[in-house]
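Thanks for coming, everyone. Please have a look at the model on the screen before I start.

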Amino acid sequence: MSVKKTLTGIIVGATILTSITGHGAFAKKFDDTADGKWYSGAVDFCSERLYMAGTDENSFSPDKLITRQELAAILHSLDNSPTYDLDDEELGEPYPFPDIQRSDWFKDDVLWVNTKKLMTGYPDGKFGVGYTVSRQQMALTLYNLADYRGNDITTRDSLSRFKDADKVAAWAKDALQWAVSKGVIAGANDKYGDLYLNPNGKVTRAEAACMVRSFYQKITAPIYKGTNKGTYMLLGGSGKGSNNESDVRQEIQDIARGEKPNLLYIGLAVKDPSGDFSWIKQAFAHGEETVCDLLSEEDIKDSEIASKKIADADIIYVGGGDTVRMIGLMKQYGIDAMLRDAAANGCVMAGSSAGAICFCESGESSVSPSFMRIDAIGCLNILYCPHAYEEPARYELMKKELMNTPYMVGVAMDGAALEIKDGQYRAVIYAYYHTADIVRVVNGEVVSEPMSTEWRPLSELVGE
């Protein structure tokens, strides 16, 4: 498996920010995107969420044209930058395009968008490194990304109101009709008041930032409208010293529906979850208190099987492992939406490590040789950091990244769990040496405070 040393989502531009490892650069205001310009808000948004960065330390270069490799990096970043299915040893030569080298910073991005059929090459076999991107080309890639992620792509708007509708290529018509209907792309009036779509116009970095922000706000954000609802037990690691998770497991069972709840174990973070599932059955099903089932990688490929297993569960427990692999599979097969529905319908949602990150908007994951921030399925509007005691570097990275997204709240856990029930939250401690902190940005500084073990209103944590 190839592993990203620097997240491409923060290096969209000519300059790679090599001083930043893992997922996270410090969001900042650029000298050439002053407040008040039509694109300033979009640039700030993309910078804060790490979808785009500057072309150098102080410049965003809003008028610079986006290249195909930069667009590949944006698309990859919008979907977590997963690399779990990119195996260098199996690709051979060329790689897989003659204009892509193994040393290129955008190599994983291009491989991923090609693997997922979001972008393909040209008839001459090349990917088109350095080629610029038209508005209709970018519309098509965003349309493809929405389709890949299982978003609705059926809506259409007529393009007849645009004076240059006849310039739209046949291969881009559906994508542009969808993008216009969703507000991802808009036209512009000329000095005579006529409306033009400019499908063949080249996309600047400023325009790309606006389209990316619109894609997030119009396509991604609406699926999170049930955020911060439901019942959760999110374990942050084993801590250190004496450890007893039995009280946590009993609490999960006690708050589940029915006297003999059905537990569904999701082990998508590992290739073979059978060992972990055996442990889950031993931990939860002793005395036949709980009926345990497994949602396998084969199961998720059949939406009927997956949806039935998830709908029948009283407890869903997501195991740890490779967070990127797990979230990528969940989004690819629509499991993320099924889990959000299950949470809203009263199923108890539990998980450990990567499985705890799963239910949050994002989390700090271990990706050798460092850590990286992963966008998750968004049931809870928090940034979750497991193993915060045993891996202090992970905790420190979370603090730095909160400066990028100061509107978020961080939860650092190890040897402890975050429990949410009936609109309240608390920390459940199960290890002698542990961390259970709430981390916020206050007046431009990161502030940590211990999470109470007494019930507190959830609104204090997530601001709702």
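First, the ground rules. This is a predicted model: local features need pLDDT of at least 70, side-chain atom pairs count only at pLDDT 80 or more, and totals for chains, interfaces and linings use all residues. Residues are numbered from 1 along each chain as its sequence is written, and side-chain values use heavy atoms, with hydrogens and water left out.

Now the sheet. Helices (H or I, at least four residues) and strands (E, at least two) are DSSP runs, numbered from the N terminus. Two strands pair if DSSP finds at least two bridges between them.

Take strand 7, residues 315-318, and strand 8, residues 348-352. They run parallel, joined by four bridges. Tyr317 sits opposite Ala350 in strand 8. Contact here means heavy atoms within 4.5 Å. Axes are lines fitted to C-alpha atoms, for helices over the stretch in contact, and angles run from 0 to 180 degrees between N-to-C directions.

Next, strand 13, residues 416-421. Is it buried or exposed? Five of its six residues are buried, so strand 13 is largely enclosed by the rest of the structure. Buried means under 20% relative accessible area, exposed over 50%, partly exposed in between, with a 1.4 Å probe and protein chains only. Strand 13 pairs with strand 3 in the antiparallel sense, over four bridges. Met233 stands opposite Glu419 there. Strand 13 also pairs with strand 14 (residues 424-429), again antiparallel, over six bridges. In that pair, Ala417 faces Val428. Strands 13 and 14 form a hairpin with two residues between them. In the turn, Asp422 has a positive phi of about 55 degrees.

On to the helices. Two packed helices are described by the angle between their axes and the distance between the axes. For helix 11 (residues 303-312) and helix 13, the axes come within 10 Å and cross at roughly 25 degrees. That makes the two roughly parallel, a label for angles under 35 degrees; over 145 is roughly antiparallel, 65 to 115 roughly perpendicular, and the rest oblique.

Which residues meet? From helix 11, Ser303, Ala306, Ser307 and Ile310; from helix 13, Ile335, Met338, Leu339 and Ala342. By class, that contact has six nonpolar, two polar and no charged residues. Ala, Val, Leu, Ile, Met, Phe, Trp, Tyr, Cys and Pro count as nonpolar, Asp, Glu, Lys and Arg as charged, and the others, Gly among them, as polar.

Last, two single residues. Ile280 lies in helix 9, residues 274-284. Ile280 is buried, at 1% relative accessible area. Not counting residues up to four places away in sequence, Ile280 touches Leu263, Tyr265, Ala285, Cys292 and Tyr317.

Pro273 is in the loop between strand 5 and helix 9. Pro273 is buried too, with a relative accessible area of 12%. Pro273 and Gly319 are 46 residues apart in sequence, yet 8.5 Å apart in space, C-alpha to C-alpha.
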